[in-house]
Amino acid sequence: MASASQTYAVILGDTHHPFSCHRSLTKAYALIEKLQPQYVVQVGDVYDLYSFSRYGKSLNHTTPASEVHKARKAAEKMWDAVRKASPKSKLHQMLGNHDARLYKKIEEKLPEMVGLLGWDDLFTFDGVTTAKSDRDILKLNLGGKKVYFHHGFLSKPGDHLRYFQQNTVIGHSHRGHVLYDTTHDKMLFEANAGYLGDPRSHVFKYGAVAGKNKWTRGCLVIDELGPRFTSFEAQ
């Protein structure tokens, strides 16, 4: 295992609070504490906002107010745990398509309220730099390599690498992986941080075909040897 000074970043995949996996998050905090990375990045979909989805849903599971309250508390607890585990790390919160559900619902149904709501407050955390929208790209220099961070919007492994033509870290598909493109003068990589949601939750029923969705709980580490995905599925 690389020493703390050689660990550039630990990337947390989609958490979908309040439907996150406590056991997986605990493993992620332990990894962060051990590695003391320069950066910790949560790559978006920190919330699920199931109640505001445009897809069919049942309010028997949760109400909008309850979900937002529980999600916010869970996200605050997550960042508190990260700060405690590695006080010197620089922290970044990306936004994903699920995070944008509430904003887009209001924009669609009641656009005059968009500027009156405390939207930014929902994604503001002490000591954490937050993206302005789910379209933002975070660019970091990790060990002399430029790396793009984006939640993701494409489905197939390698799509984002081909799109950005840069070393790229994404989430979105819940499928942890690392792949390389050797066709460039400089070898580039795409790395997916997987997810940290609870697979038993009803909000993930759209991917509930056992063994076929290839979703992987875990997180991503980037050090001097490059990126690697650490799976929590078998632990």
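Which residues in H1 meet which residues in H2? The views below take up this contact, then a sheet. This is a predicted model, where local features need pLDDT of at least 70, side-chain atom pairs count only at pLDDT 80 or more, and totals for chains, interfaces and linings use all residues. Residues are numbered from 1 along each chain as its sequence is written, and side-chain values use heavy atoms, with hydrogens and water left out.

**View 1. Contact of H1 with H2.** Leu25, Tyr29, Ile32 and Glu33 in H1 meet Met78, Ala81, Val82 and Ala85 in H2 (contact: heavy atoms within 4.5 Å). These residues divide into seven nonpolar, no polar and one charged. Here Ala, Val, Leu, Ile, Met, Phe, Trp, Tyr, Cys and Pro count as nonpolar, Asp, Glu, Lys and Arg as charged, and the others, Gly among them, as polar.

**View 2. Axes of H1 and H2.** Helix H1 spans residues 22-35 and helix H2 residues 64-85 (DSSP runs: helices H or I, at least four residues; strands E, at least two; numbered from the N terminus). Their axes come within 8 Å and cross at roughly 25° (lines fitted to C-alpha atoms, for helices over the stretch in contact; angles run from 0 to 180 degrees between N-to-C directions). H1 is therefore roughly parallel to H2 (angles under 35 degrees).

**View 3. Open sheet of five strands.** The order is E5-E6-E7-E9-E8, with mixed pairing (strands pair if DSSP finds at least two bridges between them). Strands E5 (138-142) and E8 (177-181) are the edges, each pairing on one side only. The twist averages 20° from one strand to the next.

**View 4. Pairing of E8 with E9.** E8 pairs with strand E9 (residues 188-192) in the antiparallel sense, over five bridges. Val178 has Ala191 in E9 as its bridge partner.

Methods: Angles under 35 degrees count as roughly parallel, over 145 as roughly antiparallel, 65 to 115 as roughly perpendicular and the rest as oblique.
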